[in-house]
Amino acid sequence: MSKLFSPASIGPLTLRNRTIRSAAFESMCPGNTPSKELFDYHVSVAAGGVGMTTVAYAAVCRSGLSFDRQLWMRPEIVPGLKQLTDAVHDKGAAASIQLGHCGNMSHKKICGETPVGACTGFNLYSPTWVRGLRKDELRPMAKCYGEAVHLARQAGFDAVEIHAGHGYLISQFLSPSTNHRKDEFGGSLENRMRFMDMVMEEVMEAAGNDMAVLVKMNMRDGFKGGMDIDESLEVAKRLHEDGAHALVLSGGFVSKAPMYVMRGSMPIRTMTHYMDCWWLKYGVRLVGKWMIPSIPFQEAYFLEDALSFRQALPDTTMVYVGGLVSRQKIDEVLDDGFEFVQMGRALLHEPNFVNRMKTEECARCGCRHSNYCIARMYTLDMACHQHLKEALPADLQREINRLEKEKP
């Protein structure tokens, strides 16, 4: 019997089935405020049968913003988020929100100040100078996470997902590549986990006994000199000790190994087509294929690494994410012992995919992995090119066609 449509729990929360819409950034919040577009999308996923939908990448404070179309948790947006969660609940799904801080992945024009991170340096991603957080700033920063959890409760969310991966702030403290601190928050892995522990202390206190807490973490940073699986296993064990109800097993660094997270190729011409900044547009078009190297897509591309975590932490609830597009592979992952699965691009392409899997044992979504949605989201909303109302320019269509024909 398939486990897919059986109820299961994450801490105090029980979901109607084993599917979760992953916290794939929607870029649907102009002015850092929830929009009708965000509302409509998540309600469509809830109506499509998912167990829980996750609103993505909400900054816990202004300095944590990396996009001008990204949520920023503050009291004035709570009513808009409450409308969203009420509507999701009406469709029978639970609602989660991902909370994080981008660290050095920002620019002063977005976050309102010199970006902060684990260490002082220069970030080519923005590009901008970055200021390392002082020791006396770390507890107040951790409290921002706890305050964001309180706001999430007021907005009616059943769960929060703390972002501790992908090269954002917590990840910048964890990774030896980005943490060169000389105080007790740098050096050994034990020291590099201190800020994460501090955040989790604030989060678990704010979550109380009625909100589920998931943590997205890296199994590997995805590049030489980054955190690898041996240290990541210790991080996973610590997160379990810190009280996390479930771990979402991911990998990659947005600034150093972006396609390790998503796999496939980045459609550079498409990405630059939507950019507003002329010099960035032509700079990325010139060197983008070297800045963002391709990594072939294959279904369930994180599964081999994730199985080592499943074996090492048998008592920890684990959520598999990464390249799930078929009912057959989802059943396989659940049979391997993962309690839940997350999907992002599959549910962007087909919000009703979970309902379709109920009636089709061989159901497979029609996402063709061109990553048009990812290229577009840096400037506009995340959208599947197969569902656009307008026709793509001919040069973009040629690029997408070429990428969709590529084989792993």
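Student: Which residues in H1 meet which residues in H2?

Tutor: Happy to start there, with the reminder that this is a predicted model. On the H1 side the residues are Leu 38, Phe 39, His 42, Val 43 and Ala 46, and they meet Gln 83, Leu 84, Ala 87 and Val 88 of H2.

Student: How do I read the way helices H1 and H2 pack, and at what angle?

Tutor: Look at the angle between the two axes, then at the distance separating them. Here H1 spans residues 36-47 and H2 spans residues 78-90; they pack at an angle of about 20°, and their axes are 9 Å apart. Angles under 35 degrees count as roughly parallel, so H1 and H2 are roughly parallel to each other.

Student: Is the crossing of H1 and H2 left-handed or right-handed?

Tutor: The crossing is right-handed.

Student: Now the largest pocket: what is its volume, and how many residues line it?

Tutor: Its volume is about 1400 Å³, and 46 residues line it. To find the pocket by eye, go to Leu 124, Tyr 125, Ser 126, Pro 127 and Leu 280, which lie nearest its centre.

Student: Which helices and strands supply at least two residues of that lining?

Tutor: Helix H3 (108-111), strand S7 (121-123) and helix H11 (278-291) each do. H11 gives the most, with six residues.

Student: And how many of the lining residues are nonpolar, polar or charged?

Tutor: The lining of the largest pocket has 24 nonpolar residues, alongside 17 polar and five charged.

Technical notes:
Residues numbered from 1 in each chain as written. Predicted model: local features only at pLDDT ≥ 70, side-chain atom pairs only at ≥ 80, totals over all residues. Heavy atoms only, no water. 1 Å grid on protein atoms, 1.4 Å probe; cavity = no way out; pocket = protein on both sides within 12 Å on 5 of 7 lines; lining within 4 Å. Points joined across faces, edges and corners; volume = space filled by probe spheres on them. Helix = DSSP H or I, 4+ residues; strand = E, 2+ residues; numbered from the N terminus. Nonpolar A, V, L, I, M, F, W, Y, C, P; charged D, E, K, R; others polar. Axes fitted to C-alpha atoms, helices over the stretch in contact; angles between N-to-C directions. Parallel < 35°, antiparallel > 145°, perpendicular 65-115°, else oblique. Left-handed = near helix turned anticlockwise from the far one by under 90°. Contact = heavy atoms within 4.5 Å.
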